[in-house]
Structure formats: C-alpha cells, structure tokens
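Here is a short briefing for a reader new to this structure. Look through the sequence and the fold before reading on.

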Amino acid sequence: MALGSTVVAVVLTLLLWVRYANHDSKMGQVVAATNPAAAVNATDPAAPVSATNPAAAANPTAFQPTIANHNAPPGKNPPGMIWIPGGEFSMGANDPPDMNEVGMKATPDGRPIHRVYVDGFFMDKTDVTNGEFAKFVKATGYVTVAERKPRAEDFPNAPPENLVAGSVVFAAPDHAVPLNDHLQWWTYVHGANWQHPEGPTSNIKGKEAYPVVQVAYEDATAYAKWAGRRLPTEAEWEFAARGGLSGKPFVWGDEFRPSGKWMANTHQGHFPNHDTGEDGHVGIAAVAQYPPNQYGLYDMAGNVWQWTSDWYRPDYYKQLAAAGSVARNPQGPNTPYDPSEPTEPKKVHRGGSYLCTDQYCSRYIVGTRGKGEVSTGTNHLGFRCVMKR
C-alpha cells in the first residue's frame, strides 16, 4: 500500500486496517417519515413521561413528539458548553421499508425506533478542537495511541521493522474506483497522528479551531477526564442532535439543503476521487462553519465523526424495544459485537463526516449509526464532551 512517497507494509496495513474496515461502509440515504408534532414540556422530568404521550405508548416503533424537560439548568453553562434539557424522545433511524437498498443500507442497525428518556446535561457546543487538545497534552504530557509504537504481542506476524507508530488516513484516488473496496481510499500511514493528521509532512499550524482528529477512544476519554467531563452516551448524543425535533432526517429539519443553503460539511462530486467543495470546504473544516441546531450545537452532522461511550451492537435497539417500556438513560450494551468482525471491540460513532455522501455514506442523517474499533483513530474522527452537575 502506498500514499504518495509513504510506503506502508501490506502485512501491518491489513492487520491494523481490520480494526477500522466497517467505519464508513454500509451507509446510505433515507427519505424521512417525519412527524410534524411540536415538542411539549414534561410535567415530571424526574421520571419517564410516556403517560403524557398516549400515542407513543400505542405505537412505540413510530416517531412520536419529543417531550423535553422543563427544568432550568443547574447553574451557569460551563465555558463552551450548552444545557441540553433531556426528556423523552423517539430514538432511531427513519424506517421507510422501500429504502433498504439505497446508499448501502444506512439504517438497519438504527431500528426499530424506540422511546428513550435521558436526564439533562451540558454538552460542548463544538467538537474538541486542536487548540483545546493541545492544552491537554501540554498540561499532562499525554501521548496518543497513534503516537505509540505498536506492540509486537498485538501483531505477532508483523516484522519488527513494520511496527511503526501511525494511523489510518483517507487519500482520494486519482480516478474512479469500485466502492466495494475501501482500501482504495484508506491506508495506514506511518507518522500520522493528531498533530500530523495526514502523515508526517502534514501539520495543524493555523488550524487551532479545527476539530482534533486521529484520536482513539482512550485518547478521547483521557481528555474528557482531564477536563472534568465524559463522552456522551449514544442516547444523549442523539437527543442533543435532534434539538427537540422528532422524526426529522437531518438535525436542522426535513430538507438536506433548505432554500439551497448548505447546512453541513459533506462530500460533493464523485466519491471517493473528487470533492468539488460546493459546500465551501474540501476535506475537513474548522468548527462552527454552519448554522447550529435548535439547541445551539454545531456540527452534529458532517465534518467529523464523534465517539460515544456505548459499545456497538447492531441488535441493541431491538433489545431495548423488546423490553416494552421507555429506556431510561441507557448506557449501551454490556459487551460489543460486530458480526463482520466478531473479535474487534467497537464503540458507536455518530454524526457522519466530510466524506459522507448519498453515493456511499449518508450517515449525516440523524438516527443512523457508525462504529469503530476502540484503538483506531482516523483523520475524520473526533469527539465532544458532556457533563452533569
């Protein structure tokens, strides 16, 4: 495998790539089955509120109104954070059965739609930036996973000379390629890390306001702990992303481009070889370049994927729905399982990235899910934090 002059040994590439193979695959575009009902306030924010919404109890697998808590924030917002009131909502992907084959099946693991209640919490307005992560590294001396030399015991078949620190990088091919082979546009690059997102010749100078990328799960949790915060659960993330709306395909509403306006950093042109940049950006963008959602959160769709704290299982929503009651503050399954890579422990990713397109990856659609092996970062994966008081 090669990226420009950077030569990556095939053995190590494949060994490390297996941790990431399904991140942006099997993604697709769906048409919304929207619910126009407006959100209402809960009268008892301390308990599930299905009793105030008989329609939700009668048909739990269809989108019903979001019932937001009415309690005030517990004090002033911490710097850079927004209060998310919590409440009960319909979680999951839109479910038009005739759209299963579109865009490589984005929605099956986001079904069935089910009712969830989450307590209120504070959330970062934006993804954690390079500038913020640099302060953490300076204060703690932390070394990210991508900056550490791979251990021989983790890759027993790799020659010692191939055990070199690095990470996974997207590189657009110079021609159209079949979309069933992600190794045409992803490769393991020696020297790629958060300070050099695309390899040792790249850097983040002047990009302090860009989201930090090339962060593995433990890197994100280490930062969050240092900042007195944590990563959001998948349920918290989706409640916040929806911004009080119910059943909308996008965090801003029904149309991908309302009145012709770009609302997120996604891929235009022919994937993966050509991004026209019609939305104003080719590749990653600084945070907060597009309008926030109704809760004041930026970039909850597109730009970079975001880690959540939940283990990934494609059948988890079925488990919650089978319980027959509102899931209260769900923390995700106890163990991970991805049928395509049963031995790889994966966490849920949310939000999509600048590579998402209806040709291949349309997981900027709210309710759809991504996944990633916990020790693997990429140059389109970041995170944001939450906290309670």
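Two strands count as paired if DSSP finds at least two bridges between them. The helices (H or I, at least four residues) and strands (E, at least two) are DSSP runs, numbered from the N terminus. This is a predicted model: local features need pLDDT of at least 70, side-chain atom pairs count only at pLDDT 80 or more, and totals for chains, interfaces and linings use all residues. Residues are numbered from 1 along each chain as its sequence is written, and side-chain values use heavy atoms, with hydrogens and water left out.

**Overall picture**

- The protein chain holds 6 helices and 16 strands.
- Of its 389 residues, 58% count as buried (under 20% relative accessible area; exposed is over 50%, partly exposed in between, with a 1.4 Å probe and protein chains only).
- Take the contacts (heavy atoms within 4.5 Å) in the protein chain with a separation of 6 or more: 76% of them join residues 24 or more positions apart.
- The protein chain exposes about 15,400 Å², and carbon and sulfur atoms supply 54% of that area. Accessible areas come from the Shrake-Rupley method with a 1.4 Å probe; for residues, only the protein chains shown count as cover.

- An open sheet of 3 strands runs in the order β5-β8-β16, with antiparallel pairing.
- β5 (81-84) and β16 (386-387) are the edge strands; each has a single partner strand, so one side of each has no neighbour in the sheet.
- Strand β8 (residues 121-124) pairs with β16 in the antiparallel sense over 2 bridges.
- Phe122 sits opposite Met387 of β16.
- Helix α5 (residues 234-242) packs on this sheet and touches β5, β8 and β16. The direction of α5 makes about 75° with that of β8. Axes here are lines fitted to C-alpha atoms, for helices over the stretch in contact, and angles run from 0 to 180 degrees between N-to-C directions.

**Helices α3 and α4**

- Helix α3 covers residues 130-140, and its buried residues are Asn130, Gly131, Phe133, Phe136 and Val137.
- Those buried residues of α3 pack against α4 (217-226).
- Gly141 follows α3 and has a positive phi, near 75°.
- In α4 the buried residues are Tyr217, Asp219, Ala220, Tyr223 and Ala224. Seen down the axis of α4, they fall within an arc of 165°, so they line one face of the helix. The arc is that of the directions from the helix axis to the C-beta atoms.
- An α-helix has 3.6 residues a turn, so residues three or four places apart point the same way.
- The buried residues of α4 pack against α3, β11 (305-311) and β13 (346-350).

**Cis peptide bonds**

- The bond from Arg111 to Pro112 is cis, with omega near -5°. Pro112 is placed in the loop between β6 (87-91) and β7 (114-118).
- The bond from Phe271 to Pro272 is cis too, with omega near 0°. Pro272 lies in the loop between α5 and β11.

- Asp299 has phi near 60°, a positive value in a residue other than glycine. Asp299 is found in the loop between α5 and β11. Its relative accessibility is 7%, so Asp299 counts as buried.
- Asn303 has phi near 70°, again positive in a residue other than glycine. The loop between α5 and β11 holds Asn303. At 1% relative accessibility, Asn303 counts as buried.
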